Amino acid sequence: MDNQVPPRKEKEEAAQAVELGTFLWHIHPTPTHHGTCCYNPGQLIFFKYESQERISVCCSTKNPVYNWSTEIQGIMLSSIFYGLLISQIPAGYLSGIYSLKKMVGSALFLSSLFTLLIPLAAEFGEALVIICRVIQGLFQGMALTTQQVVWIKWAPPLEQVRLTSLSLSGLLLGPCVVLLITGFICDSLGWPMVFYIFGACGCALSLLWFVLFYEDPKDHPCISKSEKECITSTLAQQVSSSAPSLPIKAVLKSPPLWVISLCNFAFFWANSFLSLYTPMFINSKFHINVKENGLLSSLPHLFAWIFAILAGHMADVFLSRNILSLLTIRKLFTLLGLLLPALFSLCLLYLSSSFHGTMIFLILANATGSFCMGGILINVLDIAPRYYGFLKGFTNVIGLTGGLVASTVTGVILSQDQDSPWLKIFFMMVANNVISLIFYLIFAKAEIQDWAKETQNTYL
């Protein structure tokens, strides 16, 4: 650790990171198109296909199956994105006004509550499921944005990437765990129990959040006065005493913000595609059964989680030891996080003739995207810490739009192209990553922009 920060203070900050990571570690179970449940941000209902057009009716109380068309399924699978998109910017704005502790904890509890209601909603029809999913998206979007604002008061500049990547790594560890266990739960207890188990866990975690989390170092009972002063003194420039007015015109004319947003679009596109369609890709190539598919599909997420933590530590080491400038670090990790997945995806198409080769390249394509934790996913905090909540919501909206478009386009290609759909899908992902990366390397910045400084007086 850097000499400016006492060891005990780092331990307290790590505890805060673990609390955030534990919160994000609670994810919601969702099904694949082959009868097992898995995690992804856009799916949350159990389907069991007997044909491509209709779903068979099952009388089993353990694993009920509903006669919903593929069009209705598509709406259900994407409905959470609409809630996520709607809530991002308002949540970012409100995070600068209201208590983060209450906002994040309430969002987690309510999202988990609606997870518990999904099986019951399915009994009453597809419309109620869709409504539940949209509401879930609203609360998950609120939690996704506001929990990141915590680091404005908790993460010194030399430890920002390490702590944010540790907390956000829960988003990567969650899919790994759920893919491992939901197949077994569905087989032994039935798919509704997946929702009940994870919904109950989320409610319990929300209570722990309210008890254990402190949104300001000065309120933490286990931190000494000297440690509190060490944290607050290093963050003096990015913590504002009052809620600042947002210079809208300057924000919209900021090239660094737009290239961050563009790269977020590409990152979420790639991440959503690889998360949603990894089980389907494995099954299409190797025809592996449900349990084995869940085990294999979890490996890319496990390595992505490991890479995310490593990326955070590497970025902070480069910065604390003055090995690279902050701008060079952001560009380097963004380059690795966008270019390497593109390269390994091409290898997946042309060099993976065997099962082991396919799994290696699939794992690397997923895992190396986590390098973005040290690049674009933290870059907004560099250029505008005073408006971090709002601007993080703004970039998340553009990113989530990429995820929504990716899932939609991939589904269309898979349904219409029977010859070489995966070739087209992977090439679209590669093109997005490369084009976005070129613009980022040209226009990216890592210093506080003029419109985001405390002395800025001209606002709309």
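Q: Where is Thr334 placed?
A: Thr334 sits in helix 13 (residues 326-350); helices here are DSSP runs of H or I, at least four residues, numbered from the N terminus. This is a predicted model, where local features need pLDDT of at least 70, side-chain atom pairs count only at pLDDT 80 or more, and totals for chains, interfaces and linings use all residues. Residues are numbered from 1 along each chain as its sequence is written, and side-chain values use heavy atoms, with hydrogens and water left out.

Q: Is Thr334 buried or exposed?
A: Buried, with a relative accessible area of 0%; the cut-off for buried is under 20% (1.4 Å probe, protein chains only).

Q: And which residues does Thr334 touch?
A: Not counting residues up to four places away in sequence, Thr334 touches Cys263, Cys372, Gly375, Ile376, Leu437 and Tyr440. Contact means heavy atoms within 4.5 Å.

Q: What lies 3.2 Å from a polar atom of the Thr334 side chain?
A: The backbone nitrogen of Ile376.

Q: Switching to the largest nonpolar core, which residues touch the most other members?
A: Of its 59 residues, those are Phe267, Ile376, Ala384, Tyr387, Leu391, Tyr440 and Trp451. Such a core is a set of buried Ala, Val, Leu, Ile, Met, Phe, Trp, Tyr and Cys residues joined through side-chain atoms within 4.5 Å.

Q: Which helix gives this core its largest share?
A: Helix 16 (residues 388-416), with seven residues.

Q: Last one: why is helix 6 largely enclosed by the rest of the structure?
A: Because eight of the nine residues of helix 6 (residues 160-168) are buried, including Val161, Leu163 and Leu168.

Note on methods. Buried means under 20% relative accessible area, exposed over 50%, partly exposed in between (1.4 Å probe, protein chains only). Helices (H or I, at least four residues) and strands (E, at least two) are DSSP runs, numbered from the N terminus. A polar contact is a pair of N or O atoms within 3.5 Å; within protein, one must be able to donate a hydrogen and the other to accept it, and residues adjacent in sequence count only if both atoms are side-chain atoms.
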